[in-house]
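Thanks for coming. I will take a few minutes on the aromatic rings in one model.

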Amino acid sequence: MSHEDRIAAGSLVKRHRLSTRIWHWVNAIAIATLFMSGLGIFNAHPRLYWGNYGANFDTPWLELDRFPGWITLPGSYSLSMSRQWHLAYALIFAFALLVYMIWSLINRHISRDLAFRREELAPRHIWQDIKDHARLRFPTGAAALRYNVLQKASYIGVIFILIPGIIFTGLAMSPGMDAAWPWLTQIFGGRQSARSIHFIFAFALIGFFLVHLLMVLLAGPFNEVRSMITGWYRVPPERRTGEHGQ
């Protein structure tokens with residue numbers, strides 16, 4: 001029996017390390033700023049294309065109305081100001097990810113908390129987790145202290161696919177990268193393709209962020225938010241037999 005399995009329901013335990021908590025809140029501020037300033041940049045030409053080129057007379061694969069001022073940064077249209085906000089927080093975002101990943105390797109957060117265990121990958125286990133999420137049956141007892149298979153999959157996808165994808169497509173859109181890394185733009189199929197992928201990944205990240213907020217609200221916001229601020233988390237009581245139709 002592991003140490004976690006011996007923790008009594010109702011106990012106040014340390015759930016999140018300082019590195020995780022700092023990265024979480026830096027990320028939250030950076031993502032919000034990058035998204036709003038990115039929409040301000042997008043408003044300069046609200047069309048998306050595939051390939052190297054895209055202009056007013058080309059056919060876009062997606063054309064949108066300009067986003068309203070309340071969701072852009074700054075609130076009034078200013079391409080130069082949006083770019084300044086975006087580039088400043090892109091550096092914060094990228095270096096915070098780099099430091100977090102290095103520190104997570106050192107303290108074994110990734111291998112201990114995010115790596116899949118063999119039994120978690122069994123189809124029956126995955127299907128049970130899907131059903132539990134659909135029924136809003138959140139983990140209780142010691143199980144609440146561990147990431148389930150869907151959480152691990154989503155966090156791994158965000159940390160190792162979405163965020164790096166956003167960073168590298170952002171670099172691929174910069175003409176200054178042509179001299180340093182001329183191959184980067186071509187990996188994504190051209191500068192306009194990189195812009196399209198950047199847009200798609202950004203909205204996928206915001207989608208994850210909104211679902212994450214919803215899950216926090218449904219699971220008990222006080223306990224969840226306290227654990228991400230102080231690190232301390234109160235273990236939910238074990239679910240009674242027969243509860244939720246079981």
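This is a predicted model: local features need pLDDT of at least 70, side-chain atom pairs count only at pLDDT 80 or more; totals for chains, interfaces and linings use all residues.

Residues are numbered from 1 along each chain as its sequence is written, and side-chain values use heavy atoms, with hydrogens and water left out.

First, the pairing rule. Rings of Phe, Tyr and Trp (its six-membered ring) pair if their centres lie within 6.5 Å; planes under 30 degrees apart are stacked, over 60 edge-to-face, and the rest tilted. That rule gives eleven aromatic pairs. One of them is Phe35 with Phe203: the planes stand at 75° and the centres are 5.2 Å apart, so this pair is edge-to-face. Phe35 belongs to helix α1 (residues 18-42) and Phe203 to helix α8 (residues 191-219), so the pair links parts of the chain 168 residues apart; helices here are DSSP runs of H or I, at least four residues, numbered from the N terminus.

For accessibility, buried means under 20% relative accessible area, exposed over 50%, and partly exposed in between, with a 1.4 Å probe and protein chains only. Phe35 is buried at 17%, and Phe203 is partly exposed at 33%.

Next, Trp181 and Trp183. Their ring centres are 5.7 Å apart with planes at 25°, so they are stacked. Trp181 is partly exposed at 35%, as is Trp183 at 46%.

Ring pairs also join Phe35, Phe42, Phe67, Phe199 and Phe203 into a cluster.

Last, the charge. Arg15 lies over the face of Tyr233, 4.0 Å from the ring centre; the rule asks for NZ of Lys or CZ of Arg within 6 Å of the ring centre and within 35 degrees of the ring normal.

How values were computed. Helices (H or I, at least four residues) and strands (E, at least two) are DSSP runs, numbered from the N terminus.
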